[in-house]
Amino acid sequence: MVAHIMLPGPTLSVGPFLRRSGLSNVDVMQDLLSVIGFLFCLYHFRSLLDVIWFYYLRPTDTYRKYLTGPRPYALITGATDGIGKALAKELYDKGFNLIVHGRNEEKILSVIDELKSCSSSGGEVRYFVADAGRDDVDFEEIARKFEGLNVTLMVNNVGGIKIRLERFDEWTEEEHLIQVRTNAIFPTLLTRAFLSSLRATARERPVLVAFMGSTSDETAMPRIPLYTASKAYVRQLAPSLHADERFEIDPNGGHDRNIDGAIEFTLVHLGSVRSGLIVAPVNFWRPSSEEFAKKLVGTFGCGRRYVVPYFGHAVALKMRRSWPEWYVEREVLKSTRAHLDREGRGRLAGLGE
Ligand SMILES: NC(=O)c1ccc[n+]([C@@H]2O[C@H](COP(=O)([O-])OP(=O)(O)OC[C@H]3O[C@@H](n4cnc5c(N)ncnc54)[C@H](OP(=O)(O)O)[C@@H]3O)[C@@H](O)[C@H]2O)c1
């Protein structure tokens, strides 16, 4: 008699027992390989189902849960160009009131005019001016300015970098610090300043804080090491803040995703998007800021800590992760050189390309 452990699909022979039962090593190996093959297929099938669900079947109006309470506001940093501006427009059209941020008041006011003239929403738009690269931003003062507003959505979008020909040690210390402040410190301290009022709102209704990352955070990229490092920092910050907010109120150790009454945090992972920063043409791999903003809004409220809103970026990321490191590094070097050749010294970087 032959004993088997029944698994869904193949059957696994129990080694020693079966050997006593007269089965050869080849039979055991065959069974083992079929189980491994089955588990491999199961894993990939599950991933495929998840992709189909996330990009094609999932409801995309989950953002509506942040449209609750009196006059809900979305706060968007870096909203005067590219993705931030497109996102502001998208959220305004969907009925949010806005708090927009930029570094140039004149540009902010013209964006606000544009928003209001292109939409019938009639929502309120407030703003604040701050250079995210400076070390004297008064975050508490900014938060005080908007105290009492029902902010249910905060998108830390500001960021970017100029790619330059100079080597790492040819940039001044201050130039490096500006990159880190803009991409990492500003979103961190702004979020910190708003935290107590967001927390109070979250006790009443859902609140989401999103951080804009970059797929460059997992790729070795020349000439912009502090940009990629800052984005890697942000990538870790979002889920850590999520856990931190739950630490005291969640008996399951801070990792209960469904707990009510706490701010949700999410990391938005993106590749190349045509924007003020990236002026390359739109294609399958590189959507326009407007298209990307639509996809992004569709992910708000989906419950994930980490989202890749645009399908082409998810495909590129999957491919990049499956390639050998040396190949990715070589291709990135080639594309950075081509970018610098094309755009000339000092052009804004082809980040995520
Ligand atoms: N586009 C991409 O391919 C790509 C890829 C990966 C990640 N991302 C990330 O996505 C986010 C948005 O990028 P984007 O492509 O939309 O960039 P963008 O078109 O250059 O827009 C950036 C926005 O941030 C503002 N900003 C930049 N530096 C600032 C500073 N020091 N102080 C205050 N405001 C500042 C800009 O203001 P001005 O209008 O005054 O310039 C603008 O409103 C960034 O975090 C970026 O790292 C973009």
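Which helix gives the most to the shell around the ligand? Select α3: with three residues, α3 gives the most to that shell.

Before going on, note that this is a predicted model, where local features need pLDDT of at least 70, side-chain atom pairs count only at pLDDT 80 or more, and totals for chains, interfaces and linings use all residues. Residues are numbered from 1 along each chain as its sequence is written.

Now show the whole shell. 31 residues surround the ligand, and the closest are G78, G82, G159, S275 and G276 (near means a C-beta atom, placed from the backbone, within 6 Å). Color them by type and you get ten nonpolar, 17 polar and four charged (Ala, Val, Leu, Ile, Met, Phe, Trp, Tyr, Cys and Pro are nonpolar; Asp, Glu, Lys and Arg charged; the others, Gly among them, polar).

Zoom out: the protein chain has ten helices and nine strands (DSSP runs, H or I of at least four residues for helices, E of at least two for strands, numbered from the N terminus).

Next, pick α4, residues 105-118. Its buried residues are V111, I112 and L115 (buried: 20 or more other C-beta atoms within 10 Å of its own; exposed: 12 or fewer; partly exposed in between; C-beta atoms placed from the backbone). Down the axis of α4, they fall within an arc of 100°, so they line one face (the arc is that of directions from the helix axis to the C-beta atoms).

Key. Expected span 1.5 Å × (residues − 1).
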